[in-house]
Each structure stands twice: as structure tokens, then as C-alpha cells.
Amino acid sequence: MVKRRSAKWLARAVLEGEWTCYSALEEHLHENYQGPLAIPGYFEVDQALCYANMGWWDRVLEGPMTVAEIVDEFGLKPFLPLYARQENADIRLGDLVKYEGEVFRVVGRREVWPYAAPRTDAFELFLESEDGSTFTFVGESMLDSDEEDDEDEKI
């Protein structure tokens with residue numbers, strides 16, 4: 001096991017709006033990780049954090065590592081709550097939604113940095129297609145409205 005400083009202070013700084021999520025992750029990974037593996041890109045880190053919050057710990061991402069191994073190896077546990085924010089949420093983790101005419105499952109929800117420009121949404125959603133082949137994130141307002149559904153974006 002690799003010895004590292006805790007990232008709790010960085011996760012707290014993100015919650016308090018002092019750091020962006022990516023800047024905190026970059027600080028943590030590039031300044032703190034001393035292990036033998038290449039540091040994953042943001043896309044893989046986003047996936048690992050979202051899948052961990054969904055309870056999909058055994059899911060294998062690109063390469064031979066499971067989500068649990070990635071979270072452990074790179075000390076990402078303090079960042080998990082940042083990808084499962086549910087305050088003021090009409091759409092929750094696990095909900096099915098429509099985006100660009102296709103159905104996706106919400107696997108993560110993260111607050112947009114308060115000073116982001118332009119900032120059209122307070123939260124962004126991480127979406128995975130039903131077959132698991134597509135993973136993307138979008139602002140909450142970008143979901144397709146479904147006129148036949150009283151719950152708007154939820155299916």
C-alpha cells in the first residue's frame with residue numbers, strides 16, 4: 001500500500017467552493033501519488049468515482065484494474081461524496097433520463113464550481129447508456145424534455 005497524505009482537505013475545499021473538483025484531483029494525484037502506475041485521466045477517474053458510488057466496485061475499467069482497486073491505489077475515497085451530491089435534486093443516482101433522444105442511467109451528480117464561466121447549471125450529471133457503452137456528463141438543463149411525461153426529464 002502506498003503511503004500518502006489524506007485528500008480530505010481537498011474534498012472539503014471543493015465543497016466550500018474554493019477549488020474545482022478537477023484542480024483538487026490534480027493536486028491530489030500529481031502531488032501525492034508515488035506509486036508505480038500511470039495516473040489515470042479525468043475520464044477514468046470520473047468513471048471510477050461514479051461507479052464506486054453506484055456500488056459497482058468489481059467493474060473493470062480500461063486496463064486490468066477494478067473500480068475498487070483504482071479508488072484504493074490512488075487514494076480517491078475522500079472524493080466519492082463529491083460525485084454523489086443529492087441536495088436540491090429532482091434527478092437521483094440510478095434514475096433513467098433522456099439525453100439526445102437516448103435513455104441513460106444517472107451514475108453521478110457533481111456540483112459545478114461556483115465561479116465557472118459560463119455556468120448554466122448548478123449541477124452536472126454523469127450518464128451511462130443502458131448498454132454501458134457510453135459514459136458522458138452534462139448539465140442538468142441539457143436533458144431532453146419529455147412532453148408526455150409529467151416528471152420532465154425522468155423516465
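Glycine 17 follows helix H1 and has a positive phi, near 80 degrees. The model described here is predicted. Its protein chain contains 4 helices and 4 strands, and along the sequence they come in the pattern α-α-α-α-β-β-β-β.

**Helix H1**
- Helix H1 spans residues 8-15, and its buried residues are Leu10, Ala11, Ala13 and Val14.
- These residues lie on the same side of H1, because they cover an arc of only 155 degrees around the axis.
- An α-helix has 3.6 residues a turn, so residues three or four places apart point the same way.
- The buried residues of H1 pack against helix H2, which covers residues 21-32.

**Overall dimensions**
- A compact globule of 155 residues would have a radius of gyration near 15 Å, and the 16 Å of the protein chain agrees with this.
- Along the principal axes, the C-alpha atoms of the protein chain fill a box of roughly 55 × 35 × 20 Å.

**Burial and contacts**
- Of the 155 residues in the protein chain, 40% count as buried, that is, under 20% relative accessible area.
- Counting contacts in the protein chain between residues at least 6 apart in sequence, 52% join residues at least 24 apart.

**Surface and charge**
- The protein chain exposes about 8,700 Å², and carbon and sulfur atoms supply 48% of that area.
- The protein chain has 15 positive and 33 negative charges, and the mean positions of the two groups are 10 Å apart.

How values were computed:
Residues are numbered from 1 along each chain as its sequence is written. This is a predicted model: local features need pLDDT of at least 70, side-chain atom pairs count only at pLDDT 80 or more; totals for chains, interfaces and linings use all residues. Side-chain values use heavy atoms; hydrogens and water are left out. Buried means under 20% relative accessible area, exposed over 50%, partly exposed in between (1.4 Å probe, protein chains only). Helices (H or I, at least four residues) and strands (E, at least two) are DSSP runs, numbered from the N terminus. The arc is that of the directions from the helix axis to the C-beta atoms. Contact means heavy atoms within 4.5 Å. The radius of gyration is taken over C-alpha atoms; the globule rule is 2.2 Å times the number of residues to the power 0.38. Accessible areas come from the Shrake-Rupley method with a 1.4 Å probe; for residues, only the protein chains shown count as cover. Lys and Arg count as positive and Asp and Glu as negative; His and the chain ends are not counted. The place of a charge is taken as NZ of Lys, CZ of Arg, CG of Asp or CD of Glu.
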